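Keep the 3D view open as you read, and try to find each element as it comes up.

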Amino acid sequence: MRPIRICGVSGFAGDSPELMIRNVEAGALDAVIGDSLAEFNTAIPKLIEGHPGYEANFMAAVKLALPSLAKHKVKVVSDGGSTNPRGAAEQIEAWIKEGGFDLKVAYVQGDDVLAGVNDALADGSLGHLDGWNDNVAHDNESQKSLDELRKHNLLAANAYLGSRGIATALREGADIVVCGRVADASLVVGLATWWHDWRDDNWDSLAAALVAGHLIECSGYGSGGNFSGFEDVRPVDNLIDIGMPIAEIAHDGTVIITKHQDLPGHIDRSVVACQLLYELQGSVYLNSDVTADLDDIAIDNDGPNRVRVTGIKGRPPPPTTKVACFYVAGFQTEYMISVTGSNAAAKAQLFRRQCDYRLEKAGIRNKLLLHAVQEYGRPVPNAASQFAGTCFLRVLIQAQTAELVAHTIRLHHTIGLEHFSGYASSLMTNPAAVVPRPFLGYYPGLWPQAKITQTATVNGKTISIQPPAITEPLRPVVSYDPKKPWQAGQNDVTVELGRIALARSGDKGGNINIGLFPRSDPQDPLGRPSQAHWEWLRDYMTLARMQELIGEDWREEYSLERVELPNLRAVHFVVYGILGRGVTSAPVLDNLGKGFADWIRSRHVQVPSELLGSSSKL
């Protein structure tokens with residue numbers, strides 16, 4: 001049987017609805033997947049009166065593409081049903097009937113475990129996603145938020161389903177499968193399982209499909225978006241309006257990542273490696289269907305815009321899955337202040353003192369959940385333009401009530417014309433932008449798969465989906481330093497880490513992960529980095545070094561893990577707790593951790609001089 005060709009046409013709720021039809025019409029495909037849900041999306045409909053529960057862009061994409069889907073016989077699997085997959089399926093069926101298309105729609109349910117989580121909160125059995133990990137300091141903000149969760153009414157609690165409902169619906173003849181909360185990569189696992197008729201214990205193939213799903217689930221990230229080596233892409237027009245990544249998955253689990261040749265984009269070993277390392281939690285990829293062991297994974301160029309992924313091993317999944325719990329934690333607002341001139345730090349300090357004085361005088365300083373004045377950037381010395389001579393303050397205010405947030409903003413207004421010199425603010429020019437709005441508290445928990453009642457409904461027939469028959473307890477998480485940490489030499493020079501290494505980072509709850517690997521050796525036909533560059537990066541990037549590079553942002557309550565992926569020639573770190581409670585509760589501007597890698601790459605490191613000059617950027 002030939003490989004199945006699956007294209008990832010959505011990586012978040014805001015992806016363009018036109019991506020589906022564009023990629024369906026651009027070349028041969030067997031299926032498209034749409035991942036619309038970030039961690040918080042299942043809570044959003046509960047906050048908006050009259051919200052239909054499903055994702056608007058997913059629905060628009062399907063409606064637009066229906067003629068093409070029917071013509072080319074391309075399957076669709078998506079989590080765009082969010083909190084109302086049944087309603088989404090019924091609407092799509094109405095469009096199909098109206099257009100006279102021969103397409104069958106299914107929907108998968110069972111991720112809503114709100115009632116069960118409330119019971120678990122009452123009896124104390126709800127555990128944190130990282131609670132079993134002995135490498136983690138359990139007093140970080142994310143884990144301590146369980147106490148805060150108990151004080152509020154839960155808004156949403158959704159367990160991450162696996163692929164079994166999807167595969168069942170496809171076997172029943174479904175052409176479009178609408179899901180709620182499903183593990184992102186399980187969209188692909190379900191399609192590959194159906195196509196190849198794999199058994200539930202075909203661990204290696206399932207693990208390969210899981211990794212393939214991870215490589216295309218973020219749409220444009222898999223074909224040139226968010227790529228730290230973008231300056232080396234020629235022509236740069238290939239990154240302007242890119243085609244989406246395609247996974248070709250063979251029966252034996254061999255994976256090729258590619259794209260339609262007539263669409264722009266850029267796929268090579270480095271792009272795919274960046275996406276693999278994104279949002280990982282070490283060398284083991286846990287999922288509701290299978291556990292993927294990445295210790296021996298290899299990624300190599302296999303021709304223009306084709307990359308081969310091998311070395312993936314699988315074993316049974318854990319008995320638990322992730323559950324995303326959200327509650328209304330209070331209200332917040334934020335605004336920006338531009339600070340012009342070379343004495344920006346002194347101006348920020350003056351502004352803080354002016355705020356603190358007013359808050360103390362009004363007696364509300366200790367009633368606020370958060371009052372943060374964050375400094376972003378520094379003006380360029382002797383700037384040739386005012387743009388270059390300006391940096392920013394971000395003011396973030398959180399409180400239990402909207403009234404208290406509004407009161408705080410009124411106090412900020414009273415600073416008035418006492419402000420520092422070089423001040424400009426959206427508070428003055430757009431006061432409507434600071435109206436208090438609810439913000440969500442987030443708690444990532446563990447939930448037994450056996451407690452999930454999952455169903456797949458096709459043509460009015462509802463089928464019960466059983467949890468995995470074989471599971472394996474969670475194993476201790478490995479973390480280790482290199483065998484021979486780097487030693488300084490006489491010929492070392494100081495350069496930005498990005499001169500040597502590419503990287504990508506992302507979030508999972510309150511944690512940031514980052515993977516780094518050396519730039520490709522231009523002489524290597526497979527696109528691999530040189531052995532010398534890999535040995536330097538591996539030995540230089542110790543646990544202590546990462547903490548050193550994090551610098552002033554490091555806190556004692558954070559924890560670090562480090563693993564090596566030797567065939568990939570990559571080092572991967574997880575920084576636990578750095579995003580506070582994570583997602584919608586994170587106090588920093590980069591609340592999804594995407595900018596972390598580029599900051600670390602901008603840090604100065606010591607490199608043997610002989611390693612410079614042996615690649616396009618060195």
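Predicted model: local features only at pLDDT ≥ 70, side-chain atom pairs only at ≥ 80, totals over all residues.

Residues are numbered from 1 along each chain as its sequence is written, and side-chain values use heavy atoms, with hydrogens and water left out. Helices (H or I, at least four residues) and strands (E, at least two) are DSSP runs, numbered from the N terminus.

**The four-stranded sheet**

- S25 and strand S26 (residues 570-576) run antiparallel and are joined by seven bridges; two strands pair if DSSP finds at least two bridges between them.
- The open sheet here has four strands in the order S23-S24-S26-S25, with antiparallel pairing.
- Strand S23 (501-508) and strand S25 (559-565) are its edges, each pairing on one side only.
- On average, neighbouring strands of this sheet are turned by 15 degrees against each other, direction ignored; axes are lines fitted to C-alpha atoms, for helices over the stretch in contact, and angles run from 0 to 180 degrees between N-to-C directions.
- In a regular strand the side chains alternate between the two faces of the sheet.

**Helices on that sheet**

- H14 lies across S23, strand S24 (511-518), S25 and S26, and runs at about 150 degrees to S24; contact means heavy atoms within 4.5 Å.
- Helix H15 (residues 543-550) also packs on the sheet, where it touches S24, S25 and S26, and its direction makes about 125 degrees with that of S25.

**Aromatic pairs**

- How many aromatic pairs does the structure hold? There are eight, where rings of Phe, Tyr and Trp (its six-membered ring) pair if their centres lie within 6.5 Å.
- One of them joins Trp536 and Tyr540, which are stacked at 4.9 Å centre to centre with 25 degrees between the planes; planes under 30 degrees apart count as stacked, over 60 as edge-to-face and the rest as tilted.
- Trp536 and Tyr540 are separated by about one helical turn because they are four residues apart in helix H14 (residues 531-540).

**The 11-stranded sheet**

- Another open sheet has 11 strands in the order S12-S13-S9-S8-S1-S2-S3-S7-S4-S20-S21, with mixed pairing.
- Its edge strands are strand S12 (298-301) and S21, each of which pairs on one side only.
- Its neighbouring strands are turned by 20 degrees against each other on average, direction ignored.
- Strand S20 (residues 454-458) and strand S21 (residues 461-465) run antiparallel, joined by five bridges, and Val458 has Lys461 in S21 as its bridge partner.
- S20 and S21 form a hairpin with two residues between them, and Asn459 in the turn has a positive phi of about 50 degrees.
- Strand S3 (residues 75-78) and strand S7 (residues 176-178) run parallel, joined by three bridges; Ser78 is partnered by Val178 in S7.

**Helix against helix**

- Helix H3 (residues 56-72) and helix H4 (residues 85-99) pack at about 20 degrees, with their axes 10 Å apart.
- That angle makes H3 roughly parallel to H4; angles under 35 degrees count as roughly parallel, over 145 as roughly antiparallel, 65 to 115 as roughly perpendicular and the rest as oblique.
- Phe58, Met59, Val62, Lys63 and Leu66 in H3 meet Ala88, Gln91, Ile92, Trp95 and Ile96 in H4.
- This contact of H3 with H4 has eight nonpolar residues, one polar and one charged; Ala, Val, Leu, Ile, Met, Phe, Trp, Tyr, Cys and Pro count as nonpolar, Asp, Glu, Lys and Arg as charged, and the others, Gly among them, as polar.
- Helix H11 (residues 344-362) and helix H12 (residues 402-413) pack at about 125 degrees, with their axes 10 Å apart, which means that H11 is oblique to H12.
- Where H11 and H12 meet, Phe351, Cys355, Arg358, Leu359 and Ala362 of H11 face His407, Thr408, Leu411 and His412 of H12 in contact.
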